[in-house]
Amino acid sequence: MNSSKDSFTPAQLELIQQLKQAVADQIQKSDDLTNFCNEHTYVRYMRARNWDLKKATAMLKTTLEWRLEYKPHLIKFEEVKIQATTGKLYIYPHADQFGRPIVLMRPRLENTKPSDNQIRYLIYCLEWASKLADDTGVGKMCWLLDFEGYSLRNAPPIRTSLHCNHILQNHYPERLGCAVCYHSPTLFSLTWKAVSPFIDPVTKGKIHFVSKGSKEKEEMNSRFQLDKMEVSFGGEVPDYLFNMEEYVVRTLAFEDEVKKSLDAVRLSIQLERSLTTTSGAEGASPPLLLECKSIDKEEQEAIDQAVAAAEAEEAQFVAEHSGELGVDKP
């Protein structure tokens, strides 16, 4: 999305201006919030709430509160490095067919247990992909989920999946260009059944399942540059492209760009106010994200019910397919 090239009606332009005014005082609380609320941000939040000013304002204010408390811009790769060592989740070195950064996930390479550190690394990747999307003008990212080797042993807990969906949907709205589920097995249908009711209908329309078959190559070629994709996706690159040493260099470059952006914001504020900006308690420890405070009581109850139902179905699935799954019956 490149807001400068989009066409807006006079009414929409007025709504964007009103949203800016509604959060003007709030963004003054942190350099990050000032940096976060760029020209594209207001448009994304208005679109995410179908140009309903009241709903968009509530949504953006919740995100600003979350960013002020959780401080995603301060997450450093060094603290989440263990989550990246296997290449289970990383920013692919090439963009998709439309120039969108690719977030690649391989559940079979899971190397840690569910924790806040896992979520922090997910957010680190979201921050990185979002910056790449804004810097290139596309505004959105592409998710590629490689389900080869997916099993009960490496599948994330339903509750973790629901929390991740909450973060993506409420704090990174209008960021998803498309999500491709590559060779998802029957087992994944349990997770999909539990999570899909919580996914916005527009977002759900951007999720595509690519199965093995005659149309697989055509479907992947329509979304990705196959000359830059690994052979495991039907591409032409013979080896896995994840290299930890090269990835570390890329993360450092990303963090340097974030620092430069924040420094530029601070300088701008200093020049505008002729004052020295203080950033407050930026070094405070963030809250545990798995205890997400932005989830209201009604949504939490719905999540608990979905988790209970999914766990029951999973137990039944395992009992019926224990032989082919290679696990003991419960």
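1. Helix packing, H6 and H7. In this predicted model, the axes of helix H6 (residues 116-136) and helix H7 (residues 158-171) come within 12 Å of each other and cross at roughly 30°. H6 is therefore roughly parallel to H7, the limit for that class being under 35 degrees. The crossing of H6 past H7 is right-handed.

2. Residues at the crossing. On the H6 side the contact is made by Ile119, Leu122, Ile123 and Leu126, and on the H7 side by Thr160, Cys164, Ile167 and Leu168. Sorted by class, the contact between H6 and H7 holds seven nonpolar residues, one polar residue and no charged ones.

3. Main core. The largest nonpolar core comprises 58 residues, and those with the most contacts inside it are Tyr121, Trp143, Leu144, Met220, Phe224 and Tyr247. Helix H6 supplies the largest share of this core, with nine residues.

4. Trp143. This residue lies in strand E3 (residues 141-146). Trp143 counts as buried because its relative accessibility is 9%, and the cut-off is under 20%. Leaving out residues up to four places away in sequence, Trp143 touches Leu89, Val103, Met105, Leu122, Leu126, Leu168, Leu176, Cys178, Ala179 and Val180.

5. Tyr247. With residues up to four places away in sequence again not counted, Tyr247 touches Phe77, Ala84, Leu89, Tyr90, Ile91, Tyr121, Cys125, Trp128 and Phe242.

Methods: Residues are numbered from 1 along each chain as its sequence is written. This is a predicted model: local features need pLDDT of at least 70, side-chain atom pairs count only at pLDDT 80 or more; totals for chains, interfaces and linings use all residues. Side-chain values use heavy atoms; hydrogens and water are left out. A nonpolar core is a set of buried Ala, Val, Leu, Ile, Met, Phe, Trp, Tyr and Cys residues joined through side-chain atoms within 4.5 Å. Buried means under 20% relative accessible area, exposed over 50%, partly exposed in between (1.4 Å probe, protein chains only). Helices (H or I, at least four residues) and strands (E, at least two) are DSSP runs, numbered from the N terminus. Contact means heavy atoms within 4.5 Å. Axes are lines fitted to C-alpha atoms, for helices over the stretch in contact, and angles run from 0 to 180 degrees between N-to-C directions. Angles under 35 degrees count as roughly parallel, over 145 as roughly antiparallel, 65 to 115 as roughly perpendicular and the rest as oblique. A crossing is left-handed if the near helix is turned anticlockwise from the far one by less than a right angle, and right-handed if clockwise. Ala, Val, Leu, Ile, Met, Phe, Trp, Tyr, Cys and Pro count as nonpolar, Asp, Glu, Lys and Arg as charged, and the others, Gly among them, as polar.
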